[in-house]
Structure formats: C-alpha cells, structure tokens
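Q: I would like to take a close look at one part of this model and then see how the rest of the chain is put together around it. Could you start from a single residue and work outwards from there?

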Amino acid sequence: MAEAAIDVYENEDRTFPPSAEFVAAANAGDRSMYDEADADYEAFWARQARELLTWDTPFTQTLDWQLPYAKWFEDGKLNVSANCLDRHVEAGRGDKVAFYWEGEPGDKVVLTYSQLLTEVKKFANVLKEIGVKKGDRVAIYMPMILELPIAMLACTRIGAAHSVIFGGFSADAIADRCIDAEAKLIVTADAGYRRGSPALLKPTVDTALETGAPSVENVVVVNRCNTEPEMVEGRDHWWHELMAGASVECPAEPMEAEHLLYLLYTSGTTAKPKGIMHTTGGYLTQVAFTHKYVFDLKPDTDIYWCAADIGWVTGHSYIVYGPLTNGCTSVMYEGTPDTPGKNRLWDIIERYKVTQLYTAPTAIRMFMKWGVEEPQKHDLSSLRVLGTVGEPINPEAWMWYHEHIGGSARPIVDTWWQTETGANMITPLPGVTTTKPGSATHPIPGVFAELVDDDGNVVEEGGGYLTITKPWPSMLRGIWGDEARYFETYWSTYEGRYFAGDGAKLDKDGYLWLLGRVDDVMNVSGHRISTTEVESALVDHEAVAEAAVVGAKDELTGQAIIGYVILRGTHSASDELGSEIREHVGVKLGKIARPKTVIIVPDLPKTRSGKIMRRLLRDVADGRQLGDTTTLADPGVVAEIAERAGAGDED
C-alpha cells in the first residue's frame with residue numbers, strides 16, 4: 001500500500017474543552033448517547049429513526065446484517081421529500097426560510113419551506129410527464145442554484161434515483177456516469193457563474209450525448225446565464241416552460257426504507273468510477289442525527305451554512321437532506337470565495353448572521369494565505385460552531401480557524417467520513433468532546449472504528465489502517481451493477497471489517513488522527529481522484545507512451561497531482577508539450593483532475609518484474625531523500641527523474 005499522505009503530529013498536546021456555557025445549552029452535553037449506543041447500538045439507531053423521521057409505515061425490524069450487506073428499518077416506509085418539506089409545512093412552519101440563496105453576481109432569493117414544497121411538487125409532475133418512473137435514474141449536472149435541490153427532492157418524491165454529477169466534470173465523465181447508471185434524463189443549466197463569467201454546462205452535456213449515453217431520452221435545461229445554448233428539438237426542454245404548466249398537486253409516494261435514493265460516483269483504484277448506492281431510511285436517519293448533534297443545531301434560531309458543492313456527498317448530506325429534514329434555515333452560495341473579492345465568505349456570514357460554518361481545510365489554508373485582514377473587517381460573532389470536511393486538517397490551519405474565525409471561543413468539529421459512509425462517522429460532538437488541533441477525535445455514538453496492522457491485528461496505540469467493525473445506517477448498500485467489486489473493494493482486505501482506505505494514528509489518549517489515503521487514490525482539495533483515471537487520460541494523448549501519477553504534498557490543496565510521462569518516439573520533450581498534455585487531462589476528466597505538473601521523463605522507476613515504484617516518484621515529488629532503489633531494474637533512472645523534476649540528485 002502507498003504511504004500515508006499527511007504527517008503524523010506526534011507532539012500535539014493542546015486541548016480545547018467545550019465551555020461550560022456551551023455545554024449547558026448543547027443538544028448533547030454529556031456522554032449518555034455514547035453509553036446508550038455502546039450498550040445496544042441497534043436500539044440506539046432505532047430510537048433516532050423514530051424520533052428524527054416521520055414514517056408512513058413504522059418499521060418493526062431494525063437491522064438485517066448479512067455481511068457485507070446491511071438492511072436498516074427494512075419493513076418501514078417513508079418519503080424523503082415529505083420528511084424534508086411536507087411535515088414542516090403541515091406543522092405550521094411553511095413560512096420559515098429553507099434557503100437564503102445568493103448568486104455569484106449578487107442576485108438573491110429567499111425560499112421558504114412552502115415555496116420549496118410547491119416547486120418540488122411541480123418538478124415532480126414534470127418528471128412524470130416526460131416519462132420518469134419509480135426506480136429510474138436521473139442525472140443532474142448543474143451549478144449551485146436552487147433548481148438543483150428542487151430536482152433532487154422531486155426525484156425522491158416519486159421514487160426516481162438521482163445521480164448528481166459535479167459541474168466541473170467533463171463530457172467524458174458525464175457520458176461514463178450516464179451509461180453506467182442507464183440514466184433516462186439529464187437535468188442541467190445553460191451555465192453557472194464562476195469567477196465573474198458564465199461557465200458553460202449545456203454544451204458539455206451535448207458533447208457527452210454525442211459520444212454515448214443512449215439511455216438518455218430528455219434533457220431539461222435551466223436558463224441561468226442567458227447564454228442561448230443550442231436546443232435539440234424533441235430532446236431538450238426549458239425548465240421554465242415545463243414548470244409553467246405543471247400542477248402543484250403531487251402527493252409524496254411512500255418508499256421502502258431500502259429503496260435506492262441516489263447514486264454518487266466516486267474514484268476508486270481503477271479507471272472506472274464506482275456508483276455508490278445510498279438508500280432511504282438508514283441514510284436519512286444518520287444524516288439527520290449527525291446534522292443535529294455534530295453542529296448542535298437549533299432549528300428555530302440558527303442560520304447554517306455548509307460551503308460545499310452539492311455535486312459531492314457533503315452537499316447531498318449537509319446542504320440538502322440533513323438540514324431540510326431538521327427544518328433548519330440554510331445559506332446556499334453559487335460561486336467562488338474570491339469573487340468579487342476575498343471577503344465574500346465573511347460578508348455572507350455577517351449579513352445572514354450565520355451560526356455554523358462547514359468548510360474544507362483547503363479553503364481554510366487559502367484564507368490563511370490571504371491573511372487576517374479580510375475576516376477582521378467583518379462581524380463574525382454570530383458563529384457558534386465551526387466545521388471542517390474533506391481531508392485531514394493540519395494543526396496550523398485548525399488553530400488559525402479557531403483564533404481568527406472562531407474568536408478562540410467556538411468549538412471546531414473536524415469530521416471524517418466518505419461518499420461511501422454517507423454521513424459523519426468520526427468527529428467531536430461540540431458539547432461533549434475536548435478537541436485537539438488536527439484530530440477528528442472519536443467515532444460518533446453508534447459507530448465503531450478500530451485500527452489494524454498489516455495482519456489485521458488491532459492497534460491500541462500508534463499507526464494503522466482505519467476499519468469500521470459494525471454496520472451503520474447510512475452505509476453504502478453496494479456499487480451499482482458490480483456486487484463483486486463492492487466486496488473486493490471494501491470488505492476483502494480485513495475479514496469482517498469495512499476498510500476505508502485511510503491510514504490513521506491512535507494516540508496515548510485514544511484520539512484518532514487521520515493520515516489520508518493509503519491506496520492509489522489522491523485527495524486533492526477534498527476531492528478523491530484515482531491515479532489510474534489520470535494515468536489513463538495522460539496516455540490518451542497521442543504523444544504519451546506511458547504514464548505514472550502520484551499525489552504530492554501541497555500547502556494549499558493537501559495533495560497535488562504530479563504526472564510523469566514517457567513520450568512516444570516521434571515526439572520531443574518541451575515545456576509546451578508538457579503543458580499541452582496537462583491540459584488534455586483537464587479536457588478528458590475536468591479541471592479538478594488536471595495535474596499541477598507534468599514531468600517528461602526518459603523512463604519510469606520499475607522493479608525487475610515491471611511494477612512502477614510510485615513510492616520513489618512520491619519521494620521525488622516531495623523533495624525527500626530517496627528510499628531504497630536496490631530492487632529497481634535501473635536504479636539510475638530515479639536520479640535522472642529527480643534532476644528533471646528540479647529536485648536534484650538526492651540518492
């Protein structure tokens with residue numbers, strides 16, 4: 001396995017207990033939930049499901065566990081959109097704001113629960129009118145506009161599974177996902193605003209459908225930026241035209257608790273992305289629970305902001321489903337944090353009086369780079385809880401966040417979880433946990449984690465591999481269309497254990513420190529990108545004969561993609577060609593997967609059996625003393641690579 005990407009913080013001994021004032025008012029102010037879950041975790045989750053959700057048919061069976069398959073609350077029925085919307089409106093809270101939405105140019109919408117429910121009902125009827133039925137898959141490729149959660153919730157209302165595709169992905173990525181999911185419909189927009197200009201989306205969908213995805217029958221297009229895209233007659237439809245004639249009556253259909261809610265594709269160790277399957281009852285239980293307790297949510301008074309993109313699982317769970325199930329008011333923002341100025345986040349927090357901010361360590365490091373002047377210009381005193389997500393946070397960034405955004409007084413919840421886990425798994429509870437800068441601390445009540453060594457023995461202190469030992473409600477139910485891959489990827493490494501693919505350290509106080517990926521998946525700004533995917537895109541370029549990709553440490557993004565390529569004999573190395581190859585990856589996979597650097601090399605470090613030694617390439621990329629090269633077929637090749645990379649001969 002690959003080395004962990006992030007250093008272990010051996011000497012971190014600063015601790016930050018919650019204040020007595022915070023504990024006194026907290027949703028969880030003691031360890032009683034941990035004790036309850038330790039005594040009977042099935043009964044604990046059953047209580048959460050009954051208290052947090054509204055069931056059309058109450059469940060009588062909590063868990064059916066046939067490793068590696070879990071079914072939670074299987075004989076119960078409920079509807080996600082009814083839990084997110086109808087029940088709040090029926091309880092007289094329809095005038096409560098669901099979203100304060102702000103576009104990058106500064107346009108604003110205030111959407112109440114009643115208004116959101118009406119829009120969801122109308123689009124659910126649109127879906128039915130164009131032939132979408134329960135069990136169908138709907139692809140959604142949109143910017144951060146309100147029509148995105150409306151489309152998601154409309155799918156849940158009629159039992160169609162949505163598959164949201166991040167708006168930065170390429171046409172090939174769209175086609176691959178639609179083909180795999182056999183999507184019947186794509187919902188998109190003409191464009192979305194990004195750093196002051198429209199970033200086109202509809203033309204990318206057109207290209208995807210020219211190259212594949214024959215299952216897609218219709219495309220619904222939101223007119224966000226007035227870019228006047230080409231519309232294919234009979235296939236393409238304007239959102240506003242379909243909605244104009246849609247009925248506002250659409251009862252929510254009760255769904256089985258194990259009904260497929262959504263597919264979300266994530267990178268694995270092969271070139272083919274994995275369609276992660278999440279179902280209804282268990283998923284909604286855990287996202288509602290974690291949203292309520294991890295963020296100490298007070299729905300009557302809080303203004304919550306998860307500053308992520310709905311294209312990733314964080315946005316699914318903590319912009320859409322968790323907050324709306326709990327009936328809270330959220331902020332949703334379309335654009336980048338530096339447009340029109342570097343004060344955009346702090347301005348939004350001040351104007352809306354945001355109480356919880358959930359963002360990524362990458363963003364925090366970017367704010368650090370920009371300096372404290374911008375946040376100091378704004379009143380951030382409304383903030384009560386700060387959260388981080390996407391990757392391990394280094395103690396320096398944690399302390400900056402604590403001091404300059406939290407005024408050295410607000411608790412920080414550093415959350416570890418994955419697309420596969422569906423919801424927070426390891427995180428402080430802000431009214432209970434004494435935190436350490438850089439540590440995700442402990443599993444939440446009802447989740448059980450252990451570290452193991454290479455042989456599967458439990459590690460009581462020190463480094464190891466993070467595993468989960470018992471099923472949890474929001475766990476993935478498989479990989480779409482590939483049962484064998486599900487078992488092989490997650491359950492085959494350590495018998496009876498879910499292996500997350502992450503390394504971790506357990507310190508002497510029992511605190512968990514996440515160390516990053518230990519497989520060939522890179523974590524770039526919290527986005528998981530497979531080395532194999534990027535390598536496949538590199539060799540797709542006509543000049544490239546062979547390629548290897550590694551993740552190198554990066555101050556801003558956590559990891560940066562470094563590509564090493566061998567050219568075909570008819571091509572000569574040049575800076576221009578390196579740039580061209582780099583841009584080619586951006587076209588194939590999207591800019592998020594574009595390497596930071598492409599280094600043209602004469603050969604790659606390989607063992608005598610032909611295996612590429614990526615460990616040595618990581619040493620070069622990180623400027624480290626080179627490790628053992630004695631097993632290489634040609635030990636001298638690494639020194640030449642280091643020289644070309646500008647690192648010098650460190651052997």
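A: Lysine 377 is exposed in this predicted model, because its relative accessible area of 59% lies over the 50% that the term requires. The residue sits in the loop between helix H14 (373-376) and strand S19 (385-388). Glycine 106 is 271 residues away from lysine 377 along the chain, and the C-alpha atoms of the two are separated by 19 Å.

Alanine 213, in the loop between helix H8 (202-211) and strand S11 (218-222), counts as buried, since its relative accessibility is 4%. Aspartate 296, in the loop between helix H10 and strand S16 (303-306), is likewise buried, with a relative accessible area of 2%. Most residues other than glycine have a negative phi, and most peptide bonds are trans. Against that background, alanine 213 has a positive phi near 60 degrees, and aspartate 296 has a positive phi of about 50 degrees. The peptide bonds also deserve a look: leucine 67 and proline 68 are joined by a cis bond with omega of about 10 degrees, and proline 68 belongs to the loop between strand S1 (63-66) and strand S2. A cis bond also leads from threonine 339 to proline 340, with omega near 0 degrees, and proline 340 lies in the loop between strand S17 (329-333) and helix H12 (344-352).

Helix H16 (residues 483-490) shows how a helix can have a buried side and an exposed one. Its buried residues are Arg485, Tyr486 and Tyr490, and they lie on the same side of H16 because they cover an arc of only 105 degrees around the axis. Ala484 and Glu488, by contrast, are exposed on the other side of H16. The buried residues of H16 pack against strand S2 (69-72), strand S15 (274-279) and strand S24 (498-506).

Strand S24 leads on to a sheet, for it is one of five strands in an open sheet with antiparallel pairing, in the order S22-S21-S23-S24-S25. Strands S22 (458-459) and S25 (512-517) stand at the edges with a single partner strand each, so one side of each has no neighbour in the sheet. Strand S21 (residues 449-452) pairs with S22 over two bridges, and leucine 451 stands opposite valine 459 in S22.

In soluble globular proteins, nonpolar side chains tend to be buried together. Here the largest nonpolar core has 141 residues, of which Leu116, Phe123, Val187 and Tyr321 touch the most other members. Beyond its neighbours within four places in sequence, tyrosine 321 is in contact with residues including Val80, Met152, Leu261 and His316. A second, separate core of 27 residues includes Ile303, Ile349, Tyr352 and Val354.

Finally, consider the chain as a whole. It contains 20 helices and 30 strands, and buried residues make up 62% of its 651 residues. The radius of gyration is 24 Å, which agrees with the value near 26 Å that a compact globule of 651 residues would have. The average pLDDT is 92, and 95% of the residues score at least 70, although over residues 1-9 the pLDDT is below 50, as it is over residues 647-651.

Definitions and conventions
Residues numbered from 1 in each chain as written. Predicted model: local features only at pLDDT ≥ 70, side-chain atom pairs only at ≥ 80, totals over all residues. Heavy atoms only, no water. Pairing = 2+ DSSP bridges. Helix = DSSP H or I, 4+ residues; strand = E, 2+ residues; numbered from the N terminus. Core = buried A, V, L, I, M, F, W, Y, C linked by side-chain atoms within 4.5 Å. Buried < 20%, exposed > 50% of the residue type's maximum accessible area, 1.4 Å probe, protein only. Contact = heavy atoms within 4.5 Å. pLDDT = per-residue confidence, 0-100. Arc of directions from axis to C-beta. Rg over C-alpha atoms; globule rule 2.2 N^0.38 Å.
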